[in-house]
Amino acid sequence: MSDDDGSPAEPHSRLSRQLGTGDAVVIGLGAMIGAGVFTAFGPAAEAAGGGLLVGLALAAVVAYCNAASSAQLAAVYPESGGTYVYGRERLGPFWGFLAGWGFVVGKTASCAAMALTFGAYAWPEQRRLLAVLAVVALTAVNYQGVRKTATLTKAIVVVVLLALAAVVAAAVGGGEADVDNIGPIASGGWRGILESAGLLFFAFAGYARIATLGEEVSDPASTIPRAIPLALGITLVVYATVAATSLLAVGPDVLAAAAAPLDAVVAAGSLDALRPVVRIGGTVAALGVLLSLIVGVSRTAFAMASRGEMPRALDAVHPVHQVPHHAELAVGVVVAIVVSLVDLRGAIGFSSFAVLVYYAIANASAWTLPPHQRRWPRAIAVVGVVGCLVLAATLPVVSALSGAAVLAVGALVWVVRDRVRPATR
């Protein structure tokens, strides 16, 4: 299909296409450069010790493979839903449903974790109350349209980058930086390094937010493949810089023991006056990730509802704001409830497992693309599948078992629904 001037026409969308490449990159950055970097370094350092940077590199390789697969699939299927759509179209309905189920459940846990992170930084004694209020407020922002979401995300990304710059400045200029602080790279062994990579993947798992907005991006066939790798590349540079300087400043043991690892980095040196900046950054970062997570989960729920795989009531578009408002409200209510039930570190591991399986399905879907639709070599998809499954298997046992149990429940739901549906037609 093409317009009258011969240029390719944008695919039909029930939502409003308002986001350009810059907006898409910012939303990806807001989903990645957020609370993950303020929280995930602690458990990752506990697992890997001085091998934290190796774990970060492995997480980045897997994330790159996932990003490449997601980008080329999004160019072919520019719809809301991300891997739910790709798995359904390339591998079959079951795999699409499993991906969508894993994403919605895993990212709902992430939403709750980020809301609690916000509360813990802003007012620890009332963290759950503040977490609920944050969910309500950001759901209201998203309800007003995706342009409002993009504008607020830009402001959040600026604040977070300034806070991370303060961490780096304090780590390097605080007088405590020393290569000896890093310790032996192999102190956690390969098992520990792989576990840290799986935990650090939590801090990268935001670039797909761009793909889940496939019906709200202008010229998605070119915008999404540009925006996803660019957002991931910027994030990797920022994370590597923060991780390296943090290890130099305090070493892995201090990071592992701290409830707020980056705050501990700043507190260790002579520039501890910057600690309020870091706390503000952690607070705002949590809001940024929560904002983008609510967007991503609601779009996947909307896509699944349009095919009858979630309640049909969620398949509704606001007549003015052109957003899936029923899905957004439902996600906000569920997250507000889950906030009272989850543990922050447990939620990170659980979310990582579910999302790693989600991306394994994305890579398998990309492997099936014909040559004329493929933008990256097939080998990248193979590395992505293997990497996702290895990292998922080496996560903490409780996280892996709980994640596998939730996915098993999803598979059972699909089997039962698939058997009942023909009889009800």
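**Exercises: helix packing and the nonpolar core**

Helix 4 (residues 52-76) packs against helix 16 (residues 378-393) at an angle of about 130°, with their axes 8 Å apart. The model is predicted: local features need pLDDT of at least 70, side-chain atom pairs count only at pLDDT 80 or more, and totals for chains, interfaces and linings use all residues. Residues are numbered from 1 along each chain as its sequence is written, and side-chain values use heavy atoms, leaving out hydrogens and water.

**Exercise 1.** Classify the angle between helix 4 and helix 16, then describe their contact.

*Solution.*
- Angles under 35 degrees count as roughly parallel, over 145 as roughly antiparallel, 65 to 115 as roughly perpendicular and the rest as oblique.
- Helix 4 is therefore oblique to helix 16.
- Contact means heavy atoms within 4.5 Å. Helix 4 contributes V62, Y64, C65, N66, A68 and S69, while I380, A381, V383, G384, G387, C388 and L391 come from helix 16.
- Sorted by type, these contact residues are nine nonpolar, four polar and no charged; Gly counts as polar.

**Exercise 2.** State whether A57 is buried, partly exposed or exposed.

*Solution.*
- Find A57 in helix 4.
- Buried means under 20% relative accessible area, exposed over 50%, partly exposed in between (1.4 Å probe, protein chains only).
- With a relative accessible area of 41%, A57 is partly exposed.

**Exercise 3.** Find the residues with the most contacts inside the largest nonpolar core.

*Solution.*
- A nonpolar core joins buried Ala, Val, Leu, Ile, Met, Phe, Trp, Tyr and Cys residues through side-chain atoms within 4.5 Å.
- The largest has 134 residues, and F38, L164, V242 and L290 have the most contacts inside it.
- Helix 13 (residues 275-306) supplies the largest share of this core, 15 residues.

Key:
Axes fitted to C-alpha atoms, helices over the stretch in contact; angles between N-to-C directions. Helix = DSSP H or I, 4+ residues; strand = E, 2+ residues; numbered from the N terminus.
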